[in-house]
Amino acid sequence: SIQNSIWNTNGATDGRVFRYDETFKVLALKHYGAKATALDFKSSSAPKVINKWAEDKTYGLVKEIINADALNPLLWVIMNASYVEATWA
């Protein structure tokens, strides 16, 4: 399975707001199934929300992909998760 998501900071804590263009959001959803989600990147819960997405989409294999120190300075995040269950030759 391949899953995609796009995230942006809503600036609730620091006023730094980032908004994806509506056309970008529509195309990301249409072509990649990537839903845009706005979060307060400065909030302690933001990394938990993104990490929960990664954990869910990798069937529990990736439990943490980002922490607060990495997320705080960012305005947007684009994520892709791939999961393959198969034997290798």
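Exposed means over 50% relative accessible area, and partly exposed covers the range between that cut-off and 20%. The legends below describe a predicted model.

**View 1. Salt bridge between K63 and E55.** The closest N and O atoms of K63 and E55 are 3.4 Å apart. K63 has a relative accessible area of 53%, so K63 is exposed. E55, at 26% relative accessibility, counts as partly exposed. The structure holds 4 salt bridges, one of which is this pair.

**View 2. Salt bridge between K52 and D56 in helix α2.** Helix α2 spans residues 46-57, and K52 and D56 lie 4 residues apart in this helix, so about one helical turn separates them. Their closest N and O atoms are 2.7 Å apart. K52 is partly exposed at 46% relative accessibility, and D56 is partly exposed at 39%.

**View 3. Salt bridge between K25 and E22 in helix α1.** The closest N and O atoms of this pair are 3.0 Å apart. Because K25 and E22 are 3 residues apart in helix α1, the separation is about one helical turn. K25 has a relative accessibility of 28% and counts as partly exposed.

**View 4. Nonpolar surface patch of F24, W76 and I78.** Together these residues have about 310 Å² of accessible area. F24 belongs to helix α1, residues 22-32, and is partly exposed at 35% relative accessibility.

View 5. A search of the whole structure finds 1 cavity of 30 Å³ or more. The largest cavity has a volume of about 40 Å³. Its lining consists of T9, D14, R16, F41, K42, N72, L74 and L75, which divide into 3 nonpolar, 2 polar and 3 charged residues.

Definitions and conventions
Residues numbered from 1 in each chain as written. Predicted model: local features only at pLDDT ≥ 70, side-chain atom pairs only at ≥ 80, totals over all residues. Heavy atoms only, no water. 1 Å grid on protein atoms, 1.4 Å probe; cavity = no way out; pocket = protein on both sides within 12 Å on 5 of 7 lines; lining within 4 Å. Points joined across faces, edges and corners; volume = space filled by probe spheres on them. Nonpolar A, V, L, I, M, F, W, Y, C, P; charged D, E, K, R; others polar. Patch = residues over 30% accessible without salt bridge, like charges linked within 9 Å, V, L, I, M, F, W, Y side chains within 5 Å. Areas by Shrake-Rupley, 256 points an atom, 1.4 Å probe, with all protein chains shown as cover. Salt bridge = Lys/Arg side-chain N within 4 Å of Asp/Glu carboxyl O. Helix = DSSP H or I, 4+ residues; strand = E, 2+ residues; numbered from the N terminus. Buried < 20%, exposed > 50% of the residue type's maximum accessible area, 1.4 Å probe, protein only.
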